[in-house]
Structures are given as C-alpha cells and as structure tokens.
Amino acid sequence: MILTPKIVARLIFVGLFGVLLQLTFFSQVELFHVSPDVLPALVVSLGLLGGTMTGAVSGFAIGFLLDCLLIQPLGGASLVLIAVGYAAGTFRERFEIHSRFVAPLLCALLTFAAELGFGAVEAMFGIHTDVSILVLRDMLIKSVFAFFLGWAIYAGLRRLVRPALVDEATVRRTRRPTVLGA
Amino acid sequence: MYRKQVRRRRAVLALLIVGSFALLTLTYGQGSNGLQRGVTAVFAPVSTVLDRALKPARDLINWVDETFDARGKNHRLEEELQVARKEAVGGKVALAENEEFRGLLKLDRSGAIPSGYRPVTGRVIGLSPTVWFSDVMIDVGSGDGVKPHDPVIDPDGLIGQVTAVTGGTAKVMLLSDHSSAIGVKVVPTGTLGIVKPTVGEPETLVLSFLNSDKNVHKRQAVVTSGWSGEGIESRFPPNIPVGEITKASLIVQEAQEKVNVRPYADLRNIGTVQVLTGGSRK
C-alpha cells in the first residue's frame, strides 16, 4: 500500500469509526447471545491490504483507542491487535494465495486468536473467578460472525484505499485498452 | 536494501510491543488517567449521538435474537413478573428486618433505593467487545456527582458498580465481570455470602456462603447485605435486589457451600441505568 497523506487520513477515519461503531453498535447487539467483535476483522483487513507494518501500527492504534474509551489499562488490547495485524500482514507478504475466501477465513481465525489473546492478557493479571467452557462457544460464534463481517469489511476497505494498492495499480496498468469497433 | 527494510520493520514491531507492555505496566490498577479522560471527553458526545442514531438498528437485531429465544412472546407477563418480584423481595425483606427496611417503603420505582442516596440516571454509550471484560460506559460522570464505587442499578436490580469516572462518563463494572464480588444475603433466611460471576455465563452467578448453618432453597431472593463492622463496611447499601437462587441442591450446599444465582437484571441487554450517588458509605 502506498501511504499518501490522503490514504493515511482515510485509514485514521476508518479506525476511529470502527472503534466507535464497535462500542455503540456491535457490542450492544446480540445474535445467539453473542455480540460480534469487528475490530480484529478490521485490523486483519488492514494487514492484508497494507502488509505487516500497516497491520501492526493500525492494531496498536485501534487497541489504544479502545482502551482509552473503555478506561481500561492501556496497552492490553494494543498488544493483542498488533499480533493480529502483523500476522495478517505476514500472510499477505509470504503467501501468494488469491482467493475470495482468504480474507474472511483469516478474519475468523484471527478473531478467535484475538479472543484467546484478550483472555491471556486478562489471565496475566489474574482471573479471580471460575471460567465457564461456554467462553469457547462465545469465541467460536464471534469467529463465525467475523467470517461474514470480515468479507464486507475487507471489500469496503479495499474500495476505500484502492488508489493506494500496489496490485490494483498493476492491474490497471496492464489492462488492455478498449478498441472501438473491434 | 531488503535487509534494511526488514530490520526497520522489526524495530517498529519491537517498539510497538515494548510500548504496549510499558503502557500496560504504567496504567494497570489506575482508575483513569489524564489521557483517557481527554479522549473520552472528546469522543463521548460522538458516542452519544451514534448510540442514539443506531438504537433502531440495534433494537431490530436484538428483537430478532429475542424472537429466536422466544423471549419476546411473553413480554407482558415478564413485566408483571418484574412487578411481583419486586413486591415479593420487598415483602420478604420487610418481614425479616422490619425496622431496618421501613425506609424502603419510600423507595424509588425499583423499590430498592435506600434513603440518603440520590439516583442519577444514565444511558449506556459503550460496551466492551470481548467476553473477558464486562464493563459498560455510561453518559454520566463526575460532573453529575458520580464517584468510583457508587452502586449502579436498573429497574430489575443491582447491575454493578462504578470503577472509573471522567467529567461526563463513567465506567461500570458489571456483576458478570471476573473481578466482581458482592456481599449478599439470602432472604428470608439471612444467610450471608459472596456472589461472584462465572466468565462466559452472564446469567449465572455463584453464591459462596460465609455462614452455612441454614440451607437455602430455589427461588429465594438474594439482596445486598450492606454489612458493616469494625470500621469497615460494604460499598453497597443493604437490600438492593441482586437475583434469585436457581439451583440449590442440598448435597452441593453441604459439600461446596455454593449455590447458583440468576441475576434479576439482564446483564447482556442494559439500556438505562441509575447510579446511586451520595450516601454515607465509603
């Protein structure tokens, strides 16, 4: 991804809007008794489109804003989302797999990993009560939601940052000119 | 060139990770810091506007969920049950400790606000997204008289306590948060205990007994104990409805001194809450 000031401004807007939408909408709706978590999917999409650095930096920033707005110890969510963004970016840089299922599958997988990560950060400071096995059910359903939401988020983000995408530019350059009357 | 790029990436990644750990170390255990207060002050109005704008869409999705769950079908009956439950809890408590609860007859609509407390009504403007934290953000803060450790209720009963405040917002730790522990008593037996949550099951609290000489039974009400003694006292005023006992086998009571409690408040679907400000408790 070619990061021009315009693209950076768009990414900042996406991050802010994503966090606010998560707190005011997605966290407050329930399907099958589980609320979707779109933030890991958002970070995965950014990592897939921009690579490791974009993924890690956006993960840090989104996590930081989330912790600020929820008045939680700063750094916990950042730590998890850095890992998620970096993993998505690494996937993009190491593997040449072009399938429409890559983004949603990665969103689902890394959302599950992120939920485990949030649990690990919490466990680091001590969990003072019983943990039900139903936590796993919640994580799995969140991952399923992330699969479908990740699809939409990735497509939307790709459209939003299209001018900055290197592969898109290549496709545009190599596209055959239209010959009238041919 | 490529190596240089890789080294730079690794350096940025290391910086971000070290920065996260440093922030975590510096801010863990603090209520709220200046940065968080500033950020929430900036974004709270935006959150409030978004929250109101998105309410119809949220309600629609939650309605679908509730329809699946068949909860929407008996809405009228649930309302009647809520009224009956409040009356029943108030009655049992009054029977058990008539003197102490005379003031409860003048309570607010929930029948649970003790005298000396001023309820401040707030709306939920944000919820934590993971299953590991059970915190909500509300749109009232220190400017409205809200302080850390103030009890928070909704029309069904206790939902948690304030853990951090900024000028216009407050963070509420719900009963279902893993670090929550509330001193309670069972009415009418008076059995004292501590209610703790089970992570992943917001509809199940575990009541561990402090004195277990009396057995408790299914459907008995659990209210805050509001104990005090030797210079310390509970942060919650007494007799706020918490929940009802759902599972109380004698064997488990004898062996583990625990029973399951279902909170009266629907902790997954909180809209408007009341913070009990003032009062003499510290």
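This is a predicted model: local features need pLDDT of at least 70, side-chain atom pairs count only at pLDDT 80 or more; totals for chains, interfaces and linings use all residues.
## Chain B and its domains

Chain B contains 4 helices and 14 strands, and of its 282 residues, 40% are buried. Where contacts in chain B link residues at least 6 apart in sequence, 60% of them join residues at least 24 apart.

The chain is divided into domain 1, which covers 65-177 + 267-278, and domain 2, which covers 182-263. Between these two domains of chain B, 27 residues of domain 1 are in contact with 21 residues of domain 2. On the domain 1 side, the elements of chain B that give two or more residues are helix H3 (75-96), strand E3 (151-154) and strand E4 (157-165), and the largest share, 7 residues, comes from H3(B). By residue class, the side of domain 1 of chain B that touches domain 2 divides into 18 nonpolar, 5 polar and 4 charged residues.

## The contact between chains A and B

Across the boundary between the chains, 50 residues of chain B are in contact with 46 residues of chain A. Two helices of chain B, H1 (2-27) and H2 (34-68), each supply at least two residues of the side that touches chain A, as do strands E1 (117-127), E2 (135-138), E7 (192-199) and E8 (201-209) of chain B. The largest share of this side of chain B, 15 residues, comes from H2(B), and its residues as a whole divide into 27 nonpolar, 14 polar and 9 charged.

Strand pairing also links the two chains: strand E1 of chain A (residues 130-131) pairs with E7(B) in the parallel sense over 2 bridges. Within this pairing, A:Val131 has B:Val199 in E7(B) as its bridge partner.

## Strand pairing within chain B

E2(B) takes part in two antiparallel pairings, with E1(B) over 3 bridges and with strand E5 of chain B (residues 170-174) over 4 bridges.

## Helix H5 of chain A

Helix H5 of chain A (residues 102-124) has 23 residues, which at 1.5 Å a residue should span 33 Å, and because its end C-alpha atoms are 32 Å apart, the model agrees with that expectation. After H5(A) comes A:Gly126, whose phi is positive, near 100°.

In soluble globular proteins, nonpolar side chains tend to be buried together. The largest nonpolar core of this model has 114 residues, and those with the most contacts inside it are A:Leu81, A:Val84 and B:Ile159. Helix H3 of chain A (residues 52-69) provides the largest share of this core, 11 residues. Domain 1 (65-177 + 267-278) and domain 2 (182-263) of chain B both give residues to the core, and it therefore lies between them.

A:Val84 illustrates the surroundings of one of these core residues. With neighbours within four places in sequence left aside, A:Val84 is in contact with A:Pro40, A:Val43, A:Val44 and A:Gly59, and also with A:Leu110, A:Ala113 and A:Ala114.

Definitions and conventions
Residues are numbered from 1 along each chain as its sequence is written. Chains are lettered from A and ligands numbered from 1 in the order in which they are written. Two residues are in contact if their C-beta atoms, placed from the backbone, lie within 7 Å. Ala, Val, Leu, Ile, Met, Phe, Trp, Tyr, Cys and Pro count as nonpolar, Asp, Glu, Lys and Arg as charged, and the others, Gly among them, as polar. Two strands pair if DSSP finds at least two bridges between them. The expected span of a helix is 1.5 Å times one less than its number of residues. A nonpolar core is a set of buried Ala, Val, Leu, Ile, Met, Phe, Trp, Tyr and Cys residues joined through C-beta atoms within 7 Å. A residue is buried if 20 or more other C-beta atoms lie within 10 Å of its own, exposed if 12 or fewer, and partly exposed in between; C-beta atoms are placed from the backbone. Domain bounds come from an automatic or database domain assignment.
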